Amino acid sequence: MIIEGLKSHGSGNDFLILDELTTNLTFTELERENMAKALCNRGRLGADGILFVMKSEHADCRMRVFNADGSEASMCGNGLRCVARYAHDVLGLDKLIVETMKANLLVEKTEDIYKGIPTFKVEISPVSFNVKDLPLIIEKETLQNETLPQLHHSLLFSALAVPNPHLITLVDAAILKSDLQADLSAKVNRPNELFPDGVNVSFVKPLEPGSIYVRTFERGVGFTNACGTAMSASSLVTCSVGLNDLEQEISVYNNGGKVKCVVHHDQENLTYSIDLIGNATYEFKVTLEIDKNHPEQFEILEKHEFEEETSLYAKLQDEVQSYLQTAL
């Protein structure tokens, strides 16, 4: 069969978009898993995951996210921005509701984060600090800026679901430069007694007031240029410990660029939500010949590069890397 895909990225976190919204494409669960493994292989086409954009019965469209290892993610903030842009382009709407695994989320086109770069604001929710929602197996209901002795003797961790699971700790430059994050991430993402389903692990380095750096080991992917839900969850954690303020923009830097986050707290319902604001950049459009039963044997028939978009984002990345060289 012949299919078209669109390679897009949010903060360098890259995905292949497959359109089941305006086409007749459809896939079984096994086909989705196997296509993710085949198409995301960095030796061939390459991506952190596949975004399936689908029809929805109660929203403008539906998003499903399959990681490079074939597992399905309950949520992906950077991916949601890419889906927001694609749905905006094909449906002609500046504001949309996107159905995700756990919630219907508001997305909208907003002012450029950097001149000329398509930018979208997406809602990250629901948020839960209950360890059962990750799950994290400990003898307490929450873990907020506390030690987790089974994992490390001194680091202070916060665990939360947004709705995919995150383990977050604030660190200094020395720890950030060490191998500790890689070691801890490997431990909690193989068979272990704490996180039976694995967990995204983020090390957060405060930079200056209103600015943080986040590096994430993403469950099912490994270290990524950026993880949207991790940056959102990390922003919330910095507010909870008094480092940043609710309802104020936080600049979040990562190896793939930067985003802005705004943490909201509904005092009446005691709930949190986060606005994630950042780029949705198209890299290339590709036409593939693929056998659903043997997706690893796919062939690239045609490829169209979005050179102007990628060049513009490269300028933002250069500025961010220049800043991080001194800030970190």
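Let me begin with a group of side chains: F27, F52 and F66 come together as one aromatic cluster. Please keep in mind throughout that what we are looking at is a predicted model.

Searching the whole structure turns up six aromatic pairs, and I would like to take one of these, formed by Y282 and F306, whose rings are tilted, with 5.6 Å from centre to centre and 55° between the planes. This pair links distant parts of the chain, since Y282 sits in strand β18, residues 281–289, while F306 lies in the loop between β19 (299–305) and α6 (307–327), 24 residues apart. Both Y282 and F306 are buried.

Let me now step back to the chain as a whole. Its secondary structure amounts to six helices and 19 strands. The radius of gyration is 19 Å, close to the 20 Å that the globule rule gives for 328 residues, and the chain is therefore as compact as a globular protein of that length. Taken along the principal axes, the box filled by the C-alpha atoms is roughly 55 × 45 × 40 Å. Of the 328 residues, 55% are buried, and if we consider the contacts between residues at least 6 apart in sequence, 61% of them join residues at least 24 apart.

As for the surface, the chain exposes about 14300 Å², of which carbon and sulfur atoms supply 46%. The chain carries 29 positive and 48 negative charges, and the mean positions of these two sets are 2 Å apart.

N293 is found in the loop between β18 and β19. Is N293 buried or exposed? With a relative accessibility of 60%, N293 counts as exposed, because the cut-off for that class is over 50%. Along the chain N293 and N34 are 259 residues apart, and yet their C-alpha atoms are separated by 8.6 Å.

The other asparagine, N255, has its place in the loop between β15 (250–254) and β16 (257–266). N255 is partly exposed, its relative accessible area being 34%. Which residues does N255 contact, once we leave aside its neighbours within four places in sequence? The residues in question are Y213, R215, N225, Q317 and Q321. Between N255 and L143, which lie 112 residues apart along the chain, the C-alpha separation is 27 Å.

Notes
Residues are numbered from 1 along each chain as its sequence is written. This is a predicted model: local features need pLDDT of at least 70, side-chain atom pairs count only at pLDDT 80 or more; totals for chains, interfaces and linings use all residues. Side-chain values use heavy atoms; hydrogens and water are left out. Helices (H or I, at least four residues) and strands (E, at least two) are DSSP runs, numbered from the N terminus. The radius of gyration is taken over C-alpha atoms; the globule rule is 2.2 Å times the number of residues to the power 0.38. Buried means under 20% relative accessible area, exposed over 50%, partly exposed in between (1.4 Å probe, protein chains only). Contact means heavy atoms within 4.5 Å. Accessible areas come from the Shrake-Rupley method with a 1.4 Å probe; for residues, only the protein chains shown count as cover. Lys and Arg count as positive and Asp and Glu as negative; His and the chain ends are not counted. The place of a charge is taken as NZ of Lys, CZ of Arg, CG of Asp or CD of Glu. Rings of Phe, Tyr and Trp (its six-membered ring) pair if their centres lie within 6.5 Å; planes under 30 degrees apart count as stacked, over 60 as edge-to-face and the rest as tilted.
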